[in-house]
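Subject: Structure handover

Hi,

My notes follow below it.

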Amino acid sequence: MEKPVVLLAEELSPATIDALGPDFEIRQTDGADRSQLLPAIADVDAILVRSATKVDAEAIAAAKKLKVIARAGVGLDNVDIKAATQAGVMVVNAPTSNIISAAELTIGHILGLARNIAAANAALKAGEWKRSRYTGTELYEKKVGIIGLGRIGALIAARLQAFETQILAYDPYVTSARAAQLNVKLVSLDELLEQSDFITIHMPKTPETMGMIGAEAFDKMKDTAYVVNVARGGLIDEDALHTALKEGKIAGAAIDVFVKEPSTDLPFFAFDNVVVTPHLGASTEEAQEKAGISVAKSVRLALAGELVPDAVNVAGGIIDPVVRPGIPLMEKLGQIFTALTHTSVTQIDIEVAGEIAGLDVKALELAALKGVFKDVVSEQVSYVNAPVLAEQRGINTRLITTPESEEYRNVLTIRGALSDSAQISVSGTLTGPKQIQKLVGVNGYEMEIPISEHLLVINYEDRPGVIGTLGRLLGEADINIAGMQVSRNEDSKQALALLTVDSSVPQEIVDQLRGTIGASLARVVDLAD
């Protein structure tokens, strides 16, 4: 029996090859050279890459036997996930391989800013002894603000304890109990910006978080404050950063990630109080070795037909074919659930009702949690770390199954309790031979509407004229309504409108809709890849 073929498209650590073991035929090529990559990938079962190899639609089309693309690292900018999914190819990465390295680099940047290390080093090497010019500041008793208290944020908080700093944190999805465990004070974003001496950001890269540290945020900071970004390029508005530095609104900045990479000549590079590094967050020997070993294990699992915890696009593994179509539906329900929350979650119940309830549906629970945290944390969310993320945030989770489903063969529901005692629920099902994903319930309101990439959910007092107003305002904003359903609650005199639209609705339009009709809830949900 022939061994599965694994192609190493870049140089990986010997530990990676050891982790693959003797059950595979190992080949090597220069993945950065397309003339070598395309013929080499033609008959392989798996390919391992780092960042130099572009596994795009062309490469995937050329790989007739390919089952797994493994990225030995966190970022997946060089992998066409959509094309891989369409081709039935699993994509895996190493989402936790660099968290310690990224946390340590953040601490290094904070210390470097506090003591002017980079500028003093450059001056001395240029023959200038400027001891008095580079007087720094201690971290002792300073306030450090962490925006995003996920795994990396928590590691940074733990390491800063040794400096006896006061740690402030902003993360709307972290409970006060979890913050207390970390000895961190939860505050609003405005409070963090106004009070912190050092600010470091560790948020996911989403349309909502891009540029979240912009001109308005810099105006709220102390003129003695320093900002650090080792997370994602663009979380800090680069133009606004340049202006803030130029006008002395902040004391300095350390940036490791950029909107466009490589970047070598951005305007703020010229300032002595700015330290920049070329995306070094994961650039340690330990992180690279962890990444290689991690994806090698994932490749072994995938080619053996077992559950792959770090699969990015499909769960893979030994999952009943009847259960498998519910996985992407559950992930989307998780994203919708998160979009509807307004404060931290304390309890999440994942409910599976109908014919599949008697099967092993653990993968549906993992998919639900993966969706819930997808737009919440900065790190890659997978089937293995999603439950850990819930535990870290003090969120209790339960999987509930029942064979009873009155209207549909199967109904999947995510139900949650928030810290202010509010309840959130979303339900979905799959219908017809094509297994169309449909939303069938939101917060107790019943409906049946296909899930689209862009959704608008509005809760309001049931009265004449509201639907016309919604249509008019969206039309004036040049936003086309693809579908709409309204569900009414006769007892409360409330109604919920669910609209599918052709494009994302800007937040200012959502705010206008809420204000005009007096909606108690108006949320946009973007599910596009």
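Buried means under 20% relative accessible area, exposed over 50%, partly exposed in between (1.4 Å probe, protein chains only). By that cut-off, buried residues are 51% of the 529 in the protein chain.

Ground rules. This is a predicted model, where local features need pLDDT of at least 70, side-chain atom pairs count only at pLDDT 80 or more, and totals for chains, interfaces and linings use all residues. Residues are numbered from 1 along each chain as its sequence is written, and side-chain values use heavy atoms, with hydrogens and water left out.

Overall build. The protein chain has 17 helices and 22 strands (DSSP runs, numbered from the N terminus: helices are H or I, at least four residues; strands are E, at least two). The radius of gyration, over C-alpha atoms, is 25 Å.

Contacts (heavy atoms within 4.5 Å). Of those with a separation of 6 or more, 62% join residues 24 or more positions apart.

The sheet. 7 strands form an open, parallel sheet, ordered S8-S7-S6-S9-S10-S11-S12. Strands pair if DSSP finds at least two bridges between them. S8 (185-186) and S12 (274-276) are the edges; each has a single partner strand, so one side of each lacks a neighbour in the sheet. S6 (residues 143-147) and S7 (residues 166-170) run parallel, joined by 5 bridges. In that pair, Gly145 stands opposite Leu168.

Best regards

Methods. Rg over C-alpha atoms; globule rule 2.2 N^0.38 Å.
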